[in-house]
Amino acid sequence: IADEYRRLIGSLASGVVQRREDRNVYLDIGRTLGLLPALEQSPLDTYSVGRRFKILILAIEETSRGPMIILSRSHPKFLEKLFELEVPEISAGSVLVKGVSREAGSRSKIAVSSKQVGVDPIGSLVGQKGIRVQTVINELSGEKIDIIEWSSDSAKFIANAMSPAKVSDVRILDPNRKYALVEVVEDQFSLAIGKHGQNVRL
């Protein structure tokens with residue numbers, strides 16, 4: 001069974017909460033139980049017994065009682081896989097996920113680009129009337145998601161990533177140390193920094 005799940009590392013599965021031990025949650029994932037440790041949980045989730053969740057198969061850990069399947073709902077890859085499920089353009093390869101930055105239970109930013117002329121990468125993830133992104137938000141119990149356009153131009157990408165703040169200028173100070181100076185007008189300053197510094201951190 002462990003070998004079977006080893007091949008599924010990095011993919012999505014569905015599980016039903018079986019029991020809780022301290023802050024750890026055990027889910028029935030089909031052929032066995034998987035462990036969702038406290039660090040891999042989202043603070044927005046309520047893990048009541050019998051409730052079904054989508055989870056990421058993160059790793060297989062050897063324990064004294066044999067192999068244990070470690071699950072995650074907080075990993076950035078989990079967000080990427082949820083969008084892959086909802087957005088046919090990602091599975092088809094016409095839209096690429098270039099990066100995910102996540103503070104699980106609060107806010108995430110996902111950077112996307114298009115490989116096909118005429119395909120809007122942001123629109124693909126948002127979906128008609130926001131249906132695709134809303135499905136992912138619901139699965140994440142209401143976590144906020146910013147979808148931004150990736151650019152190979154670092155300055156442009158940083159400006160996009162500072163969304164929803166409007167950026168006046170970005171200067172790359174040291175590309176090796178990844179230092180940049182971002183300028184915004186005064187009324188955009190607190191938006192650029194974000195609550196508790198979250199926007200600029202992400």
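## Surface and overall build

The structure is a predicted model, in which local features need pLDDT of at least 70 and side-chain atom pairs count only at pLDDT 80 or more, while totals for chains, interfaces and linings use all residues. Residues are numbered from 1 along each chain as its sequence is written, and side-chain values use heavy atoms, with hydrogens and water left out.

The protein has eight helices and 10 strands, which are DSSP runs (H or I of at least four residues for helices, E of at least two for strands) numbered from the N terminus. Along its principal axes, the C-alpha trace spans about 55 × 40 × 35 Å. Of the 202 residues, 40% count as buried, a word that stands for under 20% relative accessible area, whereas exposed stands for over 50% and partly exposed for values in between (1.4 Å probe, protein chains only).

In soluble globular proteins, nonpolar side chains tend to be buried together. A nonpolar core is here a set of buried Ala, Val, Leu, Ile, Met, Phe, Trp, Tyr and Cys residues joined through side-chain atoms within 4.5 Å. The largest such core has 19 residues, of which Phe83, Ile110, Leu125, Ile145 and Ile147 touch the most other members. At least two residues of this core come from each of helix 2 (76–86), strand 6 (95–103), strand 7 (107–114), helix 5 (131–139) and strand 8 (144–149), and helix 2 gives the most, with four residues. A second, separate core of 14 residues includes Ala13, Val17, Phe53 and Ile60.

Leaving aside neighbours within four places in sequence, Ile110 has contacts (heavy atoms within 4.5 Å) that include Leu79, Phe83, Val97, Leu125, Ile145 and Ile147.

Glu40 lies in the loop between strand 3 (33–36) and strand 4 (52–63). Glu40 is buried yet has no salt bridge, a term that requires a side-chain nitrogen of Lys or Arg within 4 Å of a carboxyl oxygen of Asp or Glu. The nearest side chain of opposite charge, Arg102, is 7.6 Å away. Leaving aside neighbours within four places in sequence, Glu40 is in contact with Leu58, Leu71, Ser72, Arg73, Ser74 and His75.

## An exposed leucine

Leu173 is found in strand 9 (residues 169–174) and is exposed, with a relative accessible area of 54%.

Terms used: Lys and Arg count as positive and Asp and Glu as negative; His and the chain ends are not counted.
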